Amino acid sequence: MRKDIVVWGLCLLFACSCTENDKKAEQSETSGISSTATVSTNTKEGSQLFNTCVACHGQNAEGNQSLGAPSLVNQDDWYLIRQLENFKSGIRGADPSDVQGTQMATMAKLLDSPDKVKAVVSHIKSLAPSSTTKTIEGDPKAGKQYYSMICGACHSEGAIGNEALNAPKLVGTDDWYLHKQYKNFADGIRGSHPEDTFGSQMQMMSTSLPDEEALLNVIAYIKSLEQ
Ligand code: HEC
Ligand code: HEC
């Protein structure tokens, strides 16, 4: 550890006369993370930290429905980082009736520095994206209409998300998890914390679909975009 600091200190001192190898290492550390990554992180640390996540989210961050743990591998880094920080600070997962959110909050607190959060997310983003299993039946055609009318304004066409509006990617997220989170917002389990600026925006939208059927249709539509 101390050696690293000395090496970096020397690099700075000599206005980055770092060796080619150092530069390459730095590049490979950031290459797995999408364009919004801000800090180069230590991928070795990230993969070690990720060992504590595997039991629930799986070796390839593919998720595990029976544990309520979603796939993480297809999600954008900026959103994963924000959710982990929200779990840590009690903005998310602190509601007593949010059983699974509480479990996750306990895990997030193990990442006790912003660098650890970034390192583990960097590791997740270095894994190969994978498709999710279809678990919800609905009418994608009917869902498309609602999606375009309501959800698309923030989550974008194709449900790819919109960082400028803080709205995450929905395509590539498990259908059962989308269903559960929409319900959590609607029930006030998620998005009610006074500091949850973005969660409260989504909570307002969680009453916009008329009924359960419309929700299932919208989710079936989002799932159909994965192919
Ligand atoms: C004990 C099981 C368990 C472990 C271990 C665990 N998680 Fe989770 N995680 C969950 C559950 C359950 C949820 C869903 C919470 C909910 O329903 O709101 C979740 C949700 C998340 C989310 C939110 C995703 C989203 O789109 O909303 C992120 C990010 C996350 N976990 C990252 C991690 C990371 C990183 C680790 C390792 C440091 C980890 N988890 C360890 C169970 C776990
Ligand atoms: C006004 C903008 C806006 C609209 C419209 C909107 N959302 Fe969202 N949505 C958000 C934001 C912002 C978040 C992130 C909340 C957070 O950071 O916790 C979000 C989060 C979500 C999540 C949680 C995803 C996850 O992985 O944790 C789901 C599910 C979701 N939205 C579904 C929908 C659906 C379905 C619709 C249409 C009926 C919709 N949203 C309409 C802004 C919006």
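# Exercises on burial, pairing and iron sites

Y79 has a relative accessible area of 11%, so Y79 is buried. The model behind these exercises is predicted.

**Exercise 1. Which kind of aromatic pair do W78 and Y79 form?**

Step 1. The model holds three aromatic pairs by the rule used here. One of these is W78 with Y79, whose ring centres are 5.9 Å apart.

Step 2. The planes of the two rings stand at 80°. Planes over 60 degrees apart count as edge-to-face, and the pair of W78 and Y79 is edge-to-face.

Step 3. Take the accessibility of each partner. W78 is at 13%, so W78 counts as buried. Y79 is at 11% and therefore also counts as buried.

**Exercise 2. What class does the pair of Y147 and Y221 belong to, and which helices hold the two residues?**

Step 1. The ring centres of Y147 and Y221 are 5.6 Å apart, and the planes make an angle of 50°, so this pair is tilted.

Step 2. Y147 belongs to helix α8 and Y221 to helix α11, which covers residues 212-224. The two residues are 74 residues apart, and their pair links distant parts of the chain.

Step 3. Y147 has a relative accessibility of 2%, so Y147 is buried. Y221 is buried as well, because its relative accessible area is 10%.

**Exercise 3. Which protein atoms are donors to the iron atom of ligand 1, and what is the arrangement of the six donor atoms?**

Step 1. The protein supplies NE2 of H57 and SD of M104, at 2.0 to 2.1 Å from the iron atom of ligand 1.

Step 2. The six donor atoms subtend angles of 88 to 180° at the iron atom of ligand 1, so the arrangement is octahedral. Ideal angles for six octahedral donors are 90 or 180 degrees.

Step 3. H57 sits in helix α4 (residues 54-57) and M104 in helix α6 (residues 99-108), so the pair ties together parts that are 47 residues apart in sequence.

Step 4. H57 has a relative accessibility of 9% and therefore counts as buried.

**Exercise 4. Which side chain of opposite charge is nearest to R82?**

Step 1. R82 is located in helix α5, residues 77-89, and R82 is buried.

Step 2. The nearest side chain of opposite charge is D196, at 6.2 Å. A salt bridge needs the nitrogen within 4 Å of a carboxyl oxygen, and R82 has no salt bridge.

Step 3. Apart from neighbours within four places in sequence, R82 contacts N166 and F198.

**Exercise 5. How many salt bridges does the model contain, and how exposed are the partners in some of them?**

Step 1. The count is five salt bridges.

Step 2. Among them is the bridge of E85 and K88, with 3.8 Å from N to O. E85 and K88 are three residues apart in helix α5, so about one helical turn separates them. E85 is partly exposed because its relative accessibility is 26%.

Step 3. Another salt bridge joins D112 and K116, at 2.9 Å from N to O. D112 is exposed at 53%, while K116 is partly exposed at 23%.

Step 4. K134 and E137 also form a salt bridge, their closest N and O atoms being 3.7 Å apart. E137 is exposed, with 60% relative accessible area, and K134 is exposed at 52%.

**Exercise 6. Where does T173 lie, and which residues is T173 in contact with?**

Step 1. T173 is in the loop between α8 and α9.

Step 2. The relative accessible area of T173 is 12%, so T173 is buried.

Step 3. Leaving aside neighbours within four places in sequence, T173 contacts Q75, T132 and L178.

Conventions
Residues are numbered from 1 along each chain as its sequence is written. Chains are lettered from A and ligands numbered from 1 in the order in which they are written. This is a predicted model: local features need pLDDT of at least 70, side-chain atom pairs count only at pLDDT 80 or more; totals for chains, interfaces and linings use all residues. Side-chain values use heavy atoms; hydrogens and water are left out. Rings of Phe, Tyr and Trp (its six-membered ring) pair if their centres lie within 6.5 Å; planes under 30 degrees apart count as stacked, over 60 as edge-to-face and the rest as tilted. Buried means under 20% relative accessible area, exposed over 50%, partly exposed in between (1.4 Å probe, protein chains only). Helices (H or I, at least four residues) and strands (E, at least two) are DSSP runs, numbered from the N terminus. Lys and Arg count as positive and Asp and Glu as negative; His and the chain ends are not counted. Contact means heavy atoms within 4.5 Å. Donors are N, O and S atoms within 2.8 Å of the metal (3.2 Å for Na, K and Ca); water is not among the atoms, so sites may look incomplete. Four donors count as tetrahedral if all angles lie between 85 and 135 degrees; four count as square planar and six as octahedral if opposite donors are over 155 degrees apart and all others between 65 and 115; anything else is irregular.
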